[in-house]
Structure formats: structure tokens, C-alpha cells
2 protein chains.
Amino acid sequence: MTGRDGGASLVPDPASPVVILVRPQLAENIGTAARAMANGGLFHLRLVAPRDGWPAEKAWRASSGADAILDAATLHPTVADAVADLHRVFATCPRPRHIVKPVLTARGAAAELREIAARGLRAGVLFGPERAGLDNDDMAQADALVRFPLNPAFMSLNLAQAVLVVAYEWWLAADETAPRALMTNETHVATKAELENFLSHLVDELDACGFLRNAPKRPGMVRNIRHLFERGEVTEQELRTLHGIVTELARGRRMRGRDEPER
Amino acid sequence: MTGRDGGASLVPDPASPVVILVRPQLAENIGTAARAMANGGLFHLRLVAPRDGWPAEKAWRASSGADAILDAATLHPTVADAVADLHRVFATCPRPRHIVKPVLTARGAAAELREIAARGLRAGVLFGPERAGLDNDDMAQADALVRFPLNPAFMSLNLAQAVLVVAYEWWLAADETAPRALMTNETHVATKAELENFLSHLVDELDACGFLRNAPKRPGMVRNIRHLFERGEVTEQELRTLHGIVTELARGRRMRGRDEPER
């Protein structure tokens, strides 16, 4: 889950939105924000008046290898300067009051950011200082606010986590991974014929040992066994193991010379 | 974005899945994981053989007020012990190899966790140690693996961030916030009649000052002005401001005695 993997190969996607950290306090948080950006395929970082100055060595140390993002970050005196070349600006903000503004979920914002990028326009997302958040003048420069739906009893997110949620949703908005897929690695899911072959083997042995000797119940019992194996997306390799198990269990019984039905 | 807000009011949702931290190294990471759980409405925390022992004061200091989760956390010697009473277990794992297992996205896992909860069953999610991640024996105890789709060039997530993604998706899976909504606070979106009233006022003044004197172009110009205001979900309060602006601008012109068309 951790460790440096491939930070050196971070490639800027020119269409990806700009992350703008407004008056960030701790350089370390700039580094962890850069790391979160890298997780979601974001690259462009702008810093508005960071309290501890810039560049700050602590940011690089905290970025887990997202150095390329920090190396390319630009410094800006004001929010207005940082957003001047952008067409659309969103502002993350947990609890705005007295404001008339569209409010997007992080997921809604990601969908709009993808749409903006597809139209060849540039967008940015403002993140406020660690404690106070964005002030009213900052928010007035934004087209829309982004508010993550989170547990209202516990909204506290640190800067890197807020960036992570936006970056994660940006990545997901273009990701087509199936919600569930069987990973089989070197083997493959058994064909129905392979499965049928195993089930025949199993039923033959169960007939031989008398497990299925109750004729009226036999069809239902066979069907239940079939349901168990059909459900599991059994692989070809697992079927071979199961064949072996059935053969070995049956051989033990045969070697003890008890081939007749038991119980 | 930060600060302690309402940690004291964290209420355990009995249907919510259990977070199981397997051999976590740093107590601080247990605290930040608890904070991330709170963000997404998770409460039940189990610790398998934490390296630094338990309880550890550093966890409470790092939890930003998610104390109730840490207070209720239970300690377990093995993964088997920690999952014994659960019906379904998922394991977070970035890059499993040589394993046949269903792989879920975090979003897919959240949907399944909600479904499991709705059926009255208990589920848990395993998170591995900070560096090594879950080992093969840990993963063999899980029904399915959870792998977040993230930038393959930079998969590095710390423990709290991995917990945050799962908790966030758990929360989102039952959240019905609209992806975009206009926040109006004390005012309301103007009715079409209120908007029409303002547009009539504006067009009257534009006629008076000669801005619309080009008769063939007049309908198109009026329509474009209408498009601008219709698009913006203007509020009743903003319309009053706009009425005032138009009136004041027109009065200035009138006071200078230049009531005739200009330019």
C-alpha cells in the first residue's frame, strides 16, 4: 500500500485540472498533497502565498516520490494570478454560508472537469489553508463549490485527503475497471464442459460410495452440488485439484476394501 | 477543511462494516485511520497484533477527535480471530499475484458492503501493514480483494488514505446528494415572472438609451441577454441588486440630461 513506486515516471496530462493550494501553511502538506495528486493522475500544482515559503525541502520529503509535481509547481502572489489563464474554477469548501453558488459533489465535479477537458478548456480546483479554509474572496473567484458528501458528524479532512478525494474521483471518472472481476492470473475460468467433466467424476464416486443412494432425493442433491460449483467461477486449475481430491478420497475407501455402500 | 468537529457525537452504525488493521506498525497511523473511518461513517475497528502495542497514546493524538472509535477498538492475536464472527471479508491489496479471487473496485466493494448490511450480515475489510501489505495467508481468508483504480504510475497510498477511500465509498453508496445543486442560502432562485420583470426593466432602459436602436438586430440582442440571465439560476436577491444597478446607471445618464440615444 505504501512505498515509492514509479514517481519518476509521472507524466503530465495536459488536459488534467490544476490544483491550486491557497495559502498552505505547512510545506509537508504541500508534499502529501502532491502525492495524492499523483495517485489520481493530476500533475499541475500552483501555490498561492505558501506561509513557509517556496521551495521548501520538507515538501519533497513528504511527497513519497511525487517530486516531478513539486519540481514543476508554480508560485503565485494571489488567487487571481493563479487562476488568470483558467476557464473554469472550482473551490473546495466544507460549509459555505451566505453564498449563492452551485455546489458540486466531488464526483459531480470530476464529471464536469472531464467534460471541460474534453472541450479543450482548462480548469482548476482551489483548496484552502489547513485551518481556516478558503475565505469569501477566494470563493467569489470560483464558478462552483465542491463539497464532499461525508459523515456530517465528522467532516474533518486534512489537505492531502481533500486533494486525494478530488484526484481519485478525477481518475475514476475515466476509469473503466469492472466493479467486480475474477482475477485468475496464470489459469482461466473453467469451461462448462470442464466443470461438467468434474461433476460427472464426483457424482460417479458419490454413487459408488452410496452418498446418493436415496433415489427420490438424488436429483435434488445432485442439483445442489452443481449449484455450489457453478456459483464459484471455478478455474481449470482448481478443477484439477478437485479431481485429485475426489480420486484420492475414493481410493482410500477402495483400498480398505469397503466398496459397498456405507451408513 | 480541518479541525475537530463533532468527534464526540460519533455514533456506531451497527450495520457498518468492520475495519481490520492487520499488524499495523505505527500507532499514529491507527489514529489517522480512525479519523478516516469517521469521515465515512465507519466505527468498528479491530487491530491484529499492532507492532507498537495497544492502547497507544499516539493513536488518540493523531485521530483528530475520533476517540470513540479508538476507545471501542478491539485487539486480536490473528486475522482468523478478528474475522471469526463475520460473514464476508474483503482484503485491500494493490498488486496480488498468483491468486484466484474476485477483485472489486472500492466502489464495487462499497455497493456489496451495503448489500451485505441490508441482508443483516456482518462484513469486514482487511488493511495490511504499512510497508509489506497483506501476506498470502491474510488474503486467503478473504472472499474478495479490493483494489482501488488509481494511477498505475503512482499507486502509493498510506494506510489512512486507503481507509479513507473505502470509507468515502461506503458513505457515498448511500448518499443521495445531487451532483450539482445551486446553494441559495437565505434567498431563493427567482421565478420566471421575477426574471421577466427584471428583463422588461432592463430592456426598457436599453430602449431608452438607444442600445437596442438597430431594429433588425433587436430581437436577437434581446434574446442573447435573456440567455445570459436564464442560464445562471439567478436568485430573487440578485435580481433586486440588478434592478438597482440598472436604475442607478440609467439615473446617472438622465441626471446628466442626456436622455436621447447616444453613440
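Author: Strand β5 (residues 101-104) of chain A is joined to β8(B) by four bridges, and the two strands run antiparallel. Within this pairing, K101(A) has M183(B) as its bridge partner in β8(B). Strands count as paired if DSSP finds at least two bridges between them. Helices (H or I, at least four residues) and strands (E, at least two) are DSSP runs, numbered from the N terminus.

A word on the model itself: this is a predicted model, in which local features need pLDDT of at least 70 and side-chain atom pairs count only at pLDDT 80 or more, while totals for chains, interfaces and linings use all residues. Residues are numbered from 1 along each chain as its sequence is written, and chains are lettered from A and ligands numbered from 1 in the order in which they are written.

Chain B brings 64 residues to the contact and chain A brings 64 residues; two residues are in contact if their C-beta atoms, placed from the backbone, lie within 7 Å. On the side of chain B that touches chain A, at least two residues each come from α1 (27-39), β5 (101-104), α5 (106-118), α7 (159-172) and β8 (180-183) of chain B. The most come from α7(B), which gives eight residues to that side. Sorted by class, the side of chain B that touches chain A holds 29 nonpolar, 24 polar and 11 charged residues. Here Ala, Val, Leu, Ile, Met, Phe, Trp, Tyr, Cys and Pro count as nonpolar, Asp, Glu, Lys and Arg as charged, and the others, Gly among them, as polar.

How are the two chains related? Chain B superposes on chain A by a rotation of 180° with 0.1 Å of shift along its axis, at an RMSD of 0.1 Å. The two copies are therefore related as by a two-fold rotation axis. The same surface serves both copies, as 100% of the contact residues of chain B recur in chain A. The superposition is by least squares on the C-alpha atoms of residues with pLDDT of at least 70 in both copies. Among the residues of chain B, Q161(B) comes closest to the rotation axis, with its C-alpha at 3.4 Å.

Eight strands form an open sheet with mixed pairing, in the order β8(A)-β5(B)-β7(B)-β4(B)-β6(B)-β1(B)-β2(B)-β3(B). Its edges are β8 (180-183) of chain A and β3 (74-76) of chain B, each of which pairs on one side only. Direction ignored, neighbouring strands of this sheet are turned by 30° against each other on average. Inside the sheet, strand β4 (residues 88-92) of chain B runs parallel to strand β7 (residues 144-146) of chain B, joined by three bridges. There, T92(B) has V146(B) as its bridge partner in β7(B). Helix α5(B) packs on the sheet, touching β8 of chain A together with β4, β5, β6 (123-127) and β7 of chain B, and its direction makes about 105° with that of β5(B). Axes for these angles are lines fitted to C-alpha atoms, for helices over the stretch in contact, and angles run from 0 to 180 degrees between N-to-C directions.

Let us follow strands in chain A as well. Strand β1 (residues 18-22) of chain A pairs with β2(A) in the parallel sense over four bridges, and V22(A) stands opposite V48(A) in β2(A). β1(A) also pairs with strand β6 (residues 123-127) of chain A, in the parallel sense and over four bridges; V19(A) has V125(A) as its bridge partner in β6(A). In a regular strand the side chains alternate between the two faces of the sheet. From β1(A), V18(A), I20(A) and V22(A) point one way and V19(A) and L21(A) the other way, and all are buried. A residue is buried if 20 or more other C-beta atoms lie within 10 Å of its own, exposed if 12 or fewer, and partly exposed in between, with C-beta atoms placed from the backbone. Strand β2 (residues 45-48) of chain A is covered on both faces, with L45(A) and L47(A) buried on one side and R46(A) and V48(A) buried on the other.
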